[in-house]
Amino acid sequence: MKPSSKQLSDLKAKLTEARSQKGLSWAEIGRISGVHQSQVSRICAGEFKTFSHNVVQVCKALGVSIPRLEPVLEDAAPEWAAAQSCMRRIWDETPQGAKTIAKLLNAIADLQTTRE
């Protein structure tokens, strides 16, 4: 899912404000976040289209929360929508976090198949 243009614009403004308040250079943010300085400057300038791992790391370094992307579920069962909502709440929006949740769900599925 891609963020809306408003979400991107709002996040850029939050990053700009947080960087200004903290008085950090792009190099300092890069050291804190583990993201290369050139990427930090690009991200802080709002030059991104998705909430990639690097965007998430820069946001964390600056203490900026990332808006949750909510999928549009037109024909989803209420139970499935509730399950998805729970998964989104526990996901930290990093690739590693997604892998961890997938491992957990696979382990649950394995337990269910062994009980049957």
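This is a predicted model: local features need pLDDT of at least 70, side-chain atom pairs count only at pLDDT 80 or more; totals for chains, interfaces and linings use all residues.
**Exercise 1. How are helices α2 and α3 oriented towards each other, and which residues make the contact?**

Solution. Start by finding the two elements: α2 covers residues 26–33 and α3 covers residues 37–44. Next, look at how they pack: the angle is about 110°, and the axes are 8 Å apart. Angles from 65 to 115 degrees count as roughly perpendicular, so α2 and α3 are roughly perpendicular to each other. Now pick out the residues in the contact. From α2 come Trp26, Ala27, Ile29, Gly30 and Ser33, while α3 brings Gln37, Val40, Ser41 and Cys44. Finally, sort them by class: the contact of α2 with α3 has five nonpolar residues, four polar ones and no charged ones.

**Exercise 2. Is Ser33 buried or exposed, and what does its side chain reach?**

Solution. Begin with the place: Ser33 is in helix α2. Then check the accessibility. Ser33 has a relative accessibility of 9%, and buried means under 20%, so Ser33 counts as buried. Turn next to polar atoms. A polar atom of the Ser33 side chain lies 2.8 Å from the backbone oxygen of Ile29, and the side chain of Ser33 also reaches the backbone nitrogen of Val35, at 3.3 Å.

**Exercise 3. Which residue forms a salt bridge with Lys6, and where do both lie?**

Solution. The partner of Lys6 is Asp10, with the closest N and O atoms 2.9 Å apart. The cut-off for a salt bridge is 4 Å, so this pair qualifies. The count for the model comes to one salt bridge. Now place the pair: both Lys6 and Asp10 lie in helix α1 (residues 5–22), four residues apart, which is about one turn of the helix. To finish, compare accessibilities with the limits. Lys6, at 56%, counts as exposed, because exposed means over 50%. Asp10, with 32%, is partly exposed.

**Exercise 4. Where is Gly46, and how far is its C-alpha atom from that of Ile66?**

Solution. First, locate Gly46: this residue sits in the loop between α3 and α4 (53–62). Second, read its accessibility: at 27%, Gly46 counts as partly exposed. Third, take the distance: Gly46 and Ile66 are 20 residues apart along the chain, and their C-alpha atoms are separated by 13 Å.

Notes. Residues are numbered from 1 along each chain as its sequence is written. Side-chain values use heavy atoms; hydrogens and water are left out. Axes are lines fitted to C-alpha atoms, for helices over the stretch in contact, and angles run from 0 to 180 degrees between N-to-C directions. Angles under 35 degrees count as roughly parallel, over 145 as roughly antiparallel, 65 to 115 as roughly perpendicular and the rest as oblique. Contact means heavy atoms within 4.5 Å. Ala, Val, Leu, Ile, Met, Phe, Trp, Tyr, Cys and Pro count as nonpolar, Asp, Glu, Lys and Arg as charged, and the others, Gly among them, as polar. Buried means under 20% relative accessible area, exposed over 50%, partly exposed in between (1.4 Å probe, protein chains only). A salt bridge is a side-chain nitrogen of Lys or Arg within 4 Å of a carboxyl oxygen of Asp or Glu. A polar contact is a pair of N or O atoms within 3.5 Å; within protein, one must be able to donate a hydrogen and the other to accept it, and residues adjacent in sequence count only if both atoms are side-chain atoms.
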